[in-house]
Amino acid sequence: MYKMIMVPTDGSGFDREAIRVALRVAERSQARVRLVRVHSTGAFFGMESSPEAATVSVGVLQQERDRILRELYALAAECRNTSDAKIGLALEDGPVPDALQAYASRNKVDLVVISSHGRGGITRLSLGSVTDSLIRHTTIPVLVVKPHASYLNPEAGEPFRRIVVPLDGSSLAEQILPEVVALAKVEESELTLLRVLVPPTSSQKRIADKKIPWWDKDIAAAEGYLFSIATKLREDGFLTTTEVVISENIAQAIADYARKVRADLVAIATHGRGGVSRALRGSVADVVTRTSPTAMLVLRPVSALAEEEPAKEARLPDGMPVIA
């Protein structure tokens, strides 16, 4: 069960959907919500390096902080008028990703809820870097909410009734399951365990059809694997189904399936790789998060932090790709 939920806010209004989701989850789990804004300081154009300029800069920065604090207090008051959740706020300084990570660590945050602006250009890159950094440099689950077109709509969004959980047979991918269970208990969600099989040969790539005999063994193994996990979830009271699909593009297959079944959320564990390794392997979680209209729950497990070895970064994976 959640105890502390952090919602990064930037005052743009695009964060309202994430705030509504966080408040709903907090009310049902009796968690605290922290609205966190980061004030990034920097040099002011047109100011010279003089004591007078420094004095002016400090004064301007303080005025800016005061303005942001007023906005935060107003936002917190608005939330208290519509929710019984315990709400706090914080104004941090420094680079946005670093400040958010440090705050989450200090305050034992166990869920981050953040809105995806769905914009293009520089704005999208900026938002993407913050979300990406939180996912890759913390082991806290990050719930990425996709605002509706009318993002200032005051009506609360629907709970995450159907959650799709992609699994690839690895222990790392399965580490998303405790986080899914925690959220599903709060949201009373139905779960679908999804396995994407990638054709390993050119012949299978030409005919990606589950009815062809050569798929029998692979499909049976995948179905057996999902069934064993589904059985445990059902014993814990969760309505759980399984599905095996065949595709060369794992990320696209996940997004398409989520859209097909009208999933409210896709939950996935990620290696959180960066640098050369990420460029070579790509990141299924990253691609789905950026391209799918469905909300995402993304986790980088503790084991993934120790898994990266610089000497192996330039090496392509052998065999079937895993969800990374």
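Helix α1, in this predicted model, comprises 14 residues (16-29) and extends 20 Å from its first C-alpha to its last, close to the 20 Å expected at 1.5 Å a residue, where the expected span is 1.5 Å times one less than the number of residues. Helices (H or I, at least four residues) and strands (E, at least two) are DSSP runs numbered from the N terminus. Residues are numbered from 1 along each chain as its sequence is written; local features need pLDDT of at least 70, side-chain atom pairs count only at pLDDT 80 or more, and totals for chains, interfaces and linings use all residues. Side-chain values are based on heavy atoms, with hydrogens and water left out.

Of the 14 residues of α1, 11 are buried, so the helix is largely enclosed by the rest of the structure; buried denotes under 20% relative accessible area, exposed over 50% and partly exposed in between (1.4 Å probe, protein chains only). The buried set consists of Glu17, Ala18, Ile19, Arg20, Val21, Ala22, Leu23, Arg24, Val25, Ala26 and Ser29. After α1 comes Gln30, which has a positive phi near 60 degrees.

Two packed helices are described by the angle between their axes and the distance between the axes. Axes are lines fitted to C-alpha atoms, for helices over the stretch in contact, and angles run from 0 to 180 degrees between N-to-C directions. Helix α6 (residues 177-187) packs against α1 at about 85 degrees, the axes lying 9 Å apart. The pair is therefore roughly perpendicular, a class that covers 65 to 115 degrees, whereas angles under 35 count as roughly parallel, over 145 as roughly antiparallel and the rest as oblique. Arg24, Val25, Arg28 and Ser29 of α1 are in contact with Leu183, Val186 and Glu187 of α6, contact meaning heavy atoms within 4.5 Å. This contact includes three nonpolar, one polar and three charged residues; Ala, Val, Leu, Ile, Met, Phe, Trp, Tyr, Cys and Pro count as nonpolar, Asp, Glu, Lys and Arg as charged, and the others, Gly among them, as polar.

Helices α9 (residues 250-260) and α11 (residues 284-291) pack at about 45 degrees with an axis separation of 9 Å, which makes α9 oblique to α11. In this pair, Ile250, Ala251 and Ile254 of α9 meet Val284, Val287 and Val288 of α11. By class, the contact of α9 with α11 has six nonpolar residues, with no polar and no charged ones.

The chain as a whole contains 12 helices and 10 strands, and 48% of its 324 residues are buried. Among contacts between residues at least 6 apart in sequence, 81% join residues at least 24 apart.
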